[in-house]
Amino acid sequence: MEVLFGRNKKEQPEPVRAKVTGKIPTWLQGTLLRNGPGMHTVGETRYNHWFDGLALLHSFTIRDGKSEVYYRSRYLRSDTYNANMEANRIVVSEFGTMAYPDPSKNIFSKAFTYLSHTIPDFTDNCLINFMKCGEDFYVTTETNYIRKINPHTLETLEKVDYRKYVAINLATAHPHYDSAGNVLNIGTSIVDKGKTKYVIFKIPAAAPANRTKRKSPLQHTEVLCSIPSRTLLSPSYYHSFGVTKNYIVFLEQPFKLDILKMATAYIRGVSWASCLAFHREDKTYIHIVDQRTGKPVSTKFYTDPMVVFHHINAYEEDGCLLFDVIAYEDSSLYDCFYLDNLKQGFEGNSRIVPVPTLKRFAVPLCTDKNAEVGSNLIKLASTTARALKEKDDQVYCQPELLCEGLELPQINYAHNGKQYRYVFAFEVQRSPIPNKILKYDILTKSFLRWGEEHCWPSEPVFVPTPDAKEEDDGILLSAIVSSDPQKLPFLLILDAKTFAELARAYVDVDMHLDLHGLFIPDTDWDPRKQAPSQEVQDRASSQT
Ligand SMILES: CC1=C(/C=C/C(C)=C/C=C/C(C)=C/C=O)C(C)(C)CCC1
Ligand SMILES: [Fe+2]
């Protein structure tokens, strides 16, 4: 456990060349970026939860079709990281750890510090994912902050506060992209002008050119739709959402943030995580937003209480919208990731890990006002999911259960929002950390698996072949960490169609287990097109 989770990892900012075995396809050229927690203690202090760890970015660069692979890793120099390092202890609160800037000397200054933190400034420890925004790359977490990075060197660039561009306090770490490369995301605006709402926003792929200053696309962020939260002081927590060509799917689930608890968390000495609660007596509301009009579909769709972290995909078929998610019966997944619980799991006293279930939901896009109460509005042959008409324009959605035991789903993103067949993911067995990569074929309900003893794979990322004809024409990339000290970590390259192993790139480094990643093909990244940092832009504009 210590090797995999607890121990702080050493960064490797200078590229190291990997030892490649097997044959890397010559077309595969680019960089796999991955993000996740790498440091869990600072000085004498330690974080409580695995999601609290300081962001450690790492990358595998596959070069020139010559089977050359270079690895590097670098801690994100977030304001959080810098403040912690300067104090030599944890001074910024994270998901599962409340921290205090100053272990105050006297009661009055302590009270003052508490009061000034009633509305907290959240962390910029962006440890979850990456976002491509025009020519720029950012790392993401779930607060109002993102950090620009140099995807080539992994250096930290400016801190961006979403609130400068759109009124949100939280945003997902899982943005979507449309075919033009515009970013779509959703955030929560908490008690702003007396209202709490979910805000769907769009960042254009490119900002209109300006002669004096190259503006960031973020400055052109537009709000597509705002959905009022059902309650002012307890908005839902969500980790991702779904999109189709014309619609957005947002689940207002009964896993909620208690804003009053959050406002007093600092004074009570409890973490943000303790302000989240699952309400098993509530429903899950399904919001469908028409991207063309920016308006939610008026029918009130709902389903049983559940907790979803990852949406897999969504698509339209014959007047219906179908969406696939990984659902849990409650919110206990996040509890498994307390470092003490992870430790116990590895020592064999594992609490039962909740079972993730792949569920397919179907909602009718136009509901027949004359349909009888109790009738099923889904007439598709492709699914057993049902949408049952109830009184008062309400529709109860009953999902089709596709399979169980997978998490961190990935698809061929060219099929995002469209009909699709394959899910690439982790296999989740009894331990919180799964040990196989799998491919699930939704059509035949069959699996392909890759696993090896002591090998802990990361989320598999799909890269299509340049001339791909079929959905699974491509390769999968996964960073593999070994719990056997004799075995080096490596980048695994699998044929996504057959799961045949194509190559490994071993690196003699201290690699961490991570969360999410992004592959940047060389054709997508031109260092000369990188936007200058805000500082350089500001200098340039002050000279004009
Ligand atoms: C700091 C902070 C938060 C952080 C949440 C995080 C960091 C969640 C990570 C989730 C992951 C990694 C899920 C994987 O499936 C909240 C709760 C939004 C509330 C406000 C402050
Ligand atoms: Fe995620």
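Colleague: What spacing do the donors of the iron ion (ligand 2) follow along the chain?

Modeller: This is a predicted model. The donors of the iron ion follow the spacing H-x64-H-x70-H-x205-H. They are the NE2 atoms of His174, His239, His310 and His516, lying 2.1 Å from the ion.

Colleague: Why does the pair His310 and His516 tie together parts that are 206 residues apart in sequence?

Modeller: His310 belongs to strand 24 (residues 307-317) and His516 to strand 39 (residues 516-521), so the pair links those parts.

Colleague: How is the site of the iron ion classed, given its angles?

Modeller: Four donors count as tetrahedral if all angles lie between 85 and 135 degrees. Here the angles among the 4 donor atoms run from 91 to 149°, and the site is irregular.

Colleague: How many residues surround ligand 1, and which are the closest?

Modeller: Ligand 1 is surrounded by 16 residues, the closest being Phe51, His239, Trp272, His310 and Tyr334. The protein buries 97% of the 550 Å² that ligand 1 exposes when taken alone. By class, its shell holds 10 nonpolar, 5 polar and 1 charged residues.

Definitions and conventions
Residues numbered from 1 in each chain as written. Chains lettered and ligands numbered in written order. Predicted model: local features only at pLDDT ≥ 70, side-chain atom pairs only at ≥ 80, totals over all residues. Heavy atoms only, no water. Near = heavy atom within 4 Å. Areas by Shrake-Rupley, 256 points an atom, 1.4 Å probe, with all protein chains shown as cover. Nonpolar A, V, L, I, M, F, W, Y, C, P; charged D, E, K, R; others polar. Donors = N, O, S within 2.8 Å, 3.2 Å for Na, K, Ca; no water. Tetrahedral: all angles 85-135°; square planar, octahedral: opposite > 155°, others 65-115°. Helix = DSSP H or I, 4+ residues; strand = E, 2+ residues; numbered from the N terminus.
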